[in-house]
Amino acid sequence: MKQYIKADKFYFPYSVKGKGYLEINEGKFGKFYTSVQGEGDIIDYSGYQIAPGFVDTHIHGFGGYDVMDNNAQGLEEMSKGLLSTGVTSFLPTTLTDTFDNFYNVCQTIGQFAGKETGARIQGIYLEGPYFTETYKGAQNENYMRDPSLEEFNAWQEASGGMIRKIALAPERKGALEFIRAVTQQNIIVSIGHSNATYNEAVSAVEAGASVWVHAYNGMRNMQHRELGVVGAMYMTEDTYAELICDGHHVHPAACNVLSKQKGNNKIALITDCMRAGGLPDGEYTLGEYPVIVENGTARLQSSGNLAGSVLQLKDGVKHVIEWGVGTPEEAIRMASLIPALSVGLEDKCGQIKEGLNADFIVMDSKFNVVKTHLSGKCVYDAKG
């Protein structure tokens with residue numbers, strides 16, 4: 001039998017509808033009506049607003065688990081834990097490592113994907129290992145190297161075709177040829193952890209790269225004579241910028257500058273969250289490195305450098321609104337449709353659209369996530 005979701009406000013891809021009824025038919029989104037059409041159960045969320053489930057395209061861990069643990073149970077626990085953050089789809093994200101560790105992680109994710117009971121695994125994001133040591137961040141420089149199509153193809157085969165995005169530094173030897181080759185396989189290439197010049201970065205975009213890894217972080221900054229990676233990010237219109245809105249990685253004013261330069265329809269909110277997400281302050285690890293989590297940040301014990309984040313995407317959305325970076329409609333789109341578009345997943349998630357899986361969240365007037373639904377069924381309730 002059909003269901004109808006009754007609520008005060010609905011966030012559609014490029015519009016907001018007022019009070020009405022959203023049809024759910026066999027776990028898929030149906031049509032929107034101002035009054036109930038035909039028979040069906042009414043789920044009454046009067047006083048609340050409905051948005052598509054969020055899509056996190058750059059996340060390393062959550063709830064004590066890390067993608068590089070190479071553990072199917074860890075992926076399951078991440079999947080379930082992310083529901084409380086409003087995320088219903090995600091790309092498990094790697095850290096720079098050896099060929100064998102990448103191979104094993106890709107194989108584990110590929111074999112497990114589709115069995116998760118929480119947020120849906122929509123692909124794999126390889127962050128590394130083709131980076132530069134200059135902007136290594138919390139990535140291990142000992143494993144950094146030039147791009148290898150042979151390596152990539154082996155990882156893709158191990159994953160069962162699950163790799164959707166790979167990040168690299170375009171100044172590495174053979175990078176442009178690599179970009180051209182993998183984009184022909186419909187792989188999204190992102191630019192990050194890079195000391196590339198403006199011209200090198202633009203050349204990577206011309207070769208097919210289309211995403212900037214965590215804007216401003218891990219990239220050559222902009223000078224008035226050498227615009228660097230940041231300048232290329234500003235100046236290339238048909239590219240997407242990942243953005244961590246936790247107030248630590250990027251100053252709110254810099255978020256506003258990025259918004260003005262690229263427009264909010266080209267900014268994808270991400271978390272870059274590590275295993276401590278959703279857990280108390282304390283000592284954790286990111287890859288092989290000890291990390292201290294306190295005051296809303298995760299930092300390397302050795303240097304104090306930022307080591308991923310503990311941001312939850314629902315809070316990134318609130319910050320966009322609070323900082324005046326975007327309207328509520330734009331903020332929600334930046335956490336749902338735009339990330340999906342940035343990796344070619346818009347036909348699977350990120351929007352309320354007839355025929356797509358009915359993955360959505362219920363929010364109160366302050367944009368707190370009250371409930372999360374997958375295929376129309378409530379799978380998370382903040383009240384327990």
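Strand S10 (120-121) and strand S12 (163-168) each contribute at least two residues to the lining of the second largest pocket. Strands (E, at least two residues) and helices (H or I, at least four) are DSSP runs, numbered from the N terminus. The model is a predicted one, in which local features need pLDDT of at least 70 and side-chain atom pairs count only at pLDDT 80 or more, while totals for chains, interfaces and linings use all residues. Residues are numbered from 1 along each chain as its sequence is written, and side-chain values use heavy atoms, with hydrogens and water left out.

Pockets and cavities were located on a 1 Å grid over the protein atoms alone. A pocket is an open set of points with protein on both sides within 12 Å along at least five of seven lines, a cavity is a set of points where a 1.4 Å probe fits but cannot get out, and lining residues have an atom within 4 Å of a point. Grid points are joined across faces, edges and corners, and a volume is the space filled by probe spheres set on the points. For the classes of lining residues, Ala, Val, Leu, Ile, Met, Phe, Trp, Tyr, Cys and Pro count as nonpolar, Asp, Glu, Lys and Arg as charged, and the others, Gly among them, as polar.

The second largest pocket has a volume of about 180 Å³. Its lining consists of 14 residues, and Gln-122, Gly-123, Met-162, Arg-164 and Lys-348 lie nearest its centre. By class, this lining has four nonpolar, six polar and four charged residues. The largest pocket has a volume of about 270 Å³. It is lined by 18 residues, of which Gly-137, Ala-138, His-193, His-214 and Leu-306 are the closest to its centre. Here the lining divides into six nonpolar, ten polar and two charged residues.

Three cavities of 30 Å³ or more are present in the structure. The volume of the largest cavity is about 70 Å³. Its lining includes Tyr-11, Phe-12, Pro-13, Pro-52, Glu-329 and Arg-333. Two or more lining residues come from each of S1 and helix H9 (328-334), and H9 gives the largest share, three residues. Six of the lining residues are nonpolar, three are polar and two are charged.

Rings of Phe, Tyr and Trp (its six-membered ring) pair if their centres lie within 6.5 Å; planes under 30 degrees apart count as stacked, over 60 as edge-to-face and the rest as tilted. This rule gives eleven aromatic pairs. The ring centres of Phe-12 and Phe-32 are 5.7 Å apart and their planes stand at 80°, so this pair is edge-to-face. Phe-12 belongs to strand S1 (residues 3-12) and Phe-32 to strand S4 (residues 28-33), so that distant parts of the chain, 20 residues apart, are linked. Residues are called buried under 20% relative accessible area, exposed over 50% and partly exposed in between (1.4 Å probe, protein chains only). Phe-12, at 14%, is buried, whereas Phe-32, at 22%, is partly exposed.

A charge sits over a ring if NZ of Lys or CZ of Arg is within 6 Å of the ring centre and within 35 degrees of the ring normal. Lys-17 lies over the face of Phe-12, 5.2 Å from the ring centre. Lys-165 is placed over the face of Tyr-125, at 4.0 Å from the ring centre. One aromatic cluster is formed by Phe-99, Phe-102, Tyr-103, Tyr-130, Phe-152, Trp-155 and Phe-178.

A disulfide is a pair of cysteine sulfur atoms within 2.5 Å, and the count of disulfides is zero. For Cys-106, the nearest cysteine sulfur is that of Cys-349, 19 Å away. The sulfur of Cys-255 is 4.0 Å from that of Cys-245, the closest cysteine sulfur, which is too far for a bond. Cys-106 is buried, with a relative accessible area of 0%, and Cys-255 is buried with a value of 0%.

Most residues other than glycine have a negative phi, and most peptide bonds are trans. Gly-128 and Pro-129 are joined by a cis peptide bond with omega of about 5°, and Pro-129 lies in strand S11 (residues 124-130). Glu-26 has a positive phi, near 55°, and is placed in the loop between strand S3 (20-25) and S4. Tyr-216 has a positive phi of about 80°. At 77% relative accessibility Glu-26 is exposed, while Tyr-216, at 19%, is buried.
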